[in-house]
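Biologist: I have a model open and want to learn to read it. Please take me through it step by step.

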Amino acid sequence: MNAPVTPESRALLEGKDLTMRFGGLVAMAEVDFSLRKGEVLGIIGPNGAGKSTLLNIITGLYVPSSGEVRLEGELLNGQPAHRIVAKGIARTFQSSRLFADLSVLDNVIIGRHTHMKTGIFEAIFNRRKAEAELDAAAELAEGLLKAVSRELHAQRHRPAGELPQADRRRLEIARALASEPKVLLLDEPSSGMDDSDTDALMDDIRSVCAERPELALMIIEHDMRLIASLPQRVLVLDYGQKLAEGTYEEVRLIPRVQEAYLGRKGAQHAQA
Ligand SMILES: Nc1ncnc2c1ncn2[C@@H]1O[C@H](COP(=O)(O)OP(=O)(O)OP(=O)(O)O)[C@@H](O)[C@H]1O
């Protein structure tokens, strides 16, 4: 007998039959996925497999040629990116999108903008209200920085552009969390990091998950150490199609996955 469908086991975020064509190129073909509250899903696949395309579809940067994405049952296709953020989906990018000249703290405050209600007229004519809202955002940003990384919090008044690569990644995560998302999408969070930075990043992600048990995460990664230890489930993409899905232990045993998707280094790790 199937387990009963409870609100907890129902998908929080769901994609069905997602297809994305760019002219004659099919970047994604009929891909399904689902993500439950509190779950961490890893997305792997070689360069050009369609991983970023999937994130771009979910976040409204791309409108799929066909198929649908739903958050808590609500259709997201065609909604603008800022509305999708307001509904509870935040992301980080492969290449940094921080405001380099602004302080670390200000970058996190900006991540809060979807929750800020003060418009330009109120900012001019009702300064007290605008200031109170900004103070509240600054307090929340301080708390987030502390929760993500105490070292980052200690650097909160530095311009973001002066941070080392690993701290920039942490800051992007803190900024994404400022919108209080239900789903957080991380696009290659460990890219450009050495093993010790990646270990520290994994600890940060674990503590974010421990503090927010309902938060669902989707992580695109090439680093198999991270994929082996964080996600409960892994989805493997290949030329825009779903090649496999399961626990890391299950997908790593598929020979094609080992050769083509984990690469030689990954395959050695998988067999260890
Ligand atoms: N805006 C676009 N216009 C045209 N082609 C695109 C566009 N975005 C992605 N593609 C193509 O779609 C395919 C999938 O690209 P995508 O960036 O999703 O792959 P990926 O798995 O994220 O790769 P990587 O690991 O290198 O980031 C590639 O062939 C890519 O060139």
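Biologist: At roughly what angle do the axes of helix 7 and helix 8 cross?

Modeller: Some ground rules come before the answer. This is a predicted model, where local features need pLDDT of at least 70, side-chain atom pairs count only at pLDDT 80 or more, and totals for chains, interfaces and linings use all residues. Residues are numbered from 1 along each chain as its sequence is written. Helices (H or I, at least four residues) and strands (E, at least two) are DSSP runs, numbered from the N terminus. Axes are lines fitted to C-alpha atoms, for helices over the stretch in contact, and angles run from 0 to 180 degrees between N-to-C directions. Here, helix 7 (residues 165–177) and helix 8 (residues 195–211) have axes that come within 10 Å and cross at roughly 15°. So helix 7 is roughly parallel to helix 8 (angles under 35 degrees count as roughly parallel, over 145 as roughly antiparallel, 65 to 115 as roughly perpendicular and the rest as oblique).

Biologist: Which residues of helix 7 and helix 8 meet?

Modeller: Two residues are in contact if their C-beta atoms, placed from the backbone, lie within 7 Å. From helix 7 come Ala166, Arg169, Arg170, Ile173 and Leu177; they meet Asp197, Ala200, Leu201, Asp204 and Val208 of helix 8.

Biologist: Which residues surround the ligand?

Modeller: A residue is near a molecule if its C-beta atom, placed from the backbone, lies within 6 Å of it. Phe22, Leu25, Ala27, Gly45, Asn47, Gly48, Ala49, Gly50, Lys51, Ser52 and Thr53 surround the ligand. Helix 1 gives the largest share of this shell, three residues.

Biologist: What are the ipTM and pTM of the model?

Modeller: The ipTM is 0.95 and the pTM is 0.86.
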